Amino acid sequence: MTTASTGSGGSSPGPDERRLRRLRTIAAVAISTTAVLVAALAIVLLRGDETVQPGGPPTGTASPAPTVTTSRTPSATPSATPSTPAPTSSTPVTFEYQPLWPFASMAEAQAWQEAYRSGGHQPWHLDAGRTALASTTGYLGFTEIDRVVSRSVRGSEAWVAVGYRDPNGQLSVAAVLHLARIGTGADAPWEVVGSRDTTLTVERPAYGAKVTSPITVGGRITGVDESIVVEVRQPSSEQPIGRAPALPAGGENQPWSTSVSFRGATDPALTIVAFTGGHLQRVERFALTGTEN
């Protein structure tokens with residue numbers, strides 16, 4: 001039998017050998033395909049076991065840390081606008097009362113704050129009781145009213161009773177002064193803005209009204225053999241800029257009225273104070289109100 005030869009010098013595979021090679025190739029492809037399918041199925045099953053909370057990452061997955069911006073420079077394209085803007089230096093600060101003493105304006109109060117923060121200047125402005133007593137003995141000149149009898153502080157407002165000890169050793173209240181914090185911040189100072197009146201009141205002129213000289217001052221009084229004196233004062237003057245003669249008065253909740261002229265009013269606000277005494281000492285009771293100059 002003659003054997004056929006190839007151009008490469010080797011023998012050509014027979015039909016059986018070619019069939020065996022094809023079977024091996026098919027088996028290898030089938031095994032590879034099966035492995036891929038098994039791996040894909042495992043991934044699907046693993047993902048199916050994860051629990052996802054609404055709006056959150058899957059259970060067992062740490063949430064990313066929030067990004068915190070510490071720079072005060074605003075972003076060029078902010079993601080959201082706050083509903084309430086933070087206060088800035090351009091935001092106006094108002095004071096709802098008539099400032100009487102010790103500061104004539106918000107600007108004066110802010111100037112004190114700067115001096116206090118830099119050098120601890122006059123810390124008594126942060127004490128409502130000391131401020132009320134200083135206004136009584138210093139600003140009004142009622143040196144006999146020399147102590148704080150009681151005080152009530154509610155947030156940014158305070159009511160301080162100032163008085164004296166009578167010859168029997170009993171404490172007597174001469175007036176209850178109303179104070180309010182003027183300005184902003186924890187170190188906003190106290191400002192005297194009026195008084196809480198009972199047995200001696202000042203009802204005219206109206207609180208915060210703009211006045212010119214002469215003015216009619218009036219109110220009500222309860223007492224016996226009283227003598228009411230009315231003065232007009234301003235923080236920049238050591239002495240009253242106006243004073244009315246003593247007015248005899250008395251009775252139970254009786255009205256009283258007098259006219260007072262004043263000169264040299266330069267401050268933005270004026271204090272009108274009425275006082276009575278003469279039984280135990282020169283000043284035993286007083287009441288005050290604030291007006292606009």
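Let's start with Arg117, which forms a salt bridge with Asp187, the closest N and O atoms being 2.6 Å apart. By salt bridge I mean a side-chain nitrogen of Lys or Arg within 4 Å of a carboxyl oxygen of Asp or Glu. This pair links distant parts of the chain, 70 residues apart. Arg117 is in helix H2 (residues 106-119). Asp187 is in the loop between strand E3 (171-181) and strand E4 (190-196). Helices (H or I, at least four residues) and strands (E, at least two) are DSSP runs, numbered from the N terminus.

A word on the source. This is a predicted model: local features need pLDDT of at least 70, side-chain atom pairs count only at pLDDT 80 or more, and totals for chains, interfaces and linings use all residues. Residues are numbered from 1 along each chain as its sequence is written, and side-chain values use heavy atoms, with hydrogens and water left out.

Back to the first pair. Arg117 is exposed, at 55% relative accessible area. Asp187 is buried, at 12%. The cut-offs: buried is under 20% relative accessible area, exposed is over 50%, partly exposed is in between (1.4 Å probe, protein chains only).

Next, Arg285 and Glu226. Their closest N and O atoms are 3.1 Å apart, in a salt bridge. Arg285 lies in strand E9 (residues 285-292) and Glu226 in strand E5 (residues 215-233), so the pair ties together parts 59 residues apart in sequence. Both residues are buried.

Now Glu231. Glu231 forms a salt bridge with Arg233, at 3.2 Å between the closest N and O atoms. Glu231 is buried, at 3%. Arg233 is buried too, at 6%.

Overall, the structure holds six salt bridges.
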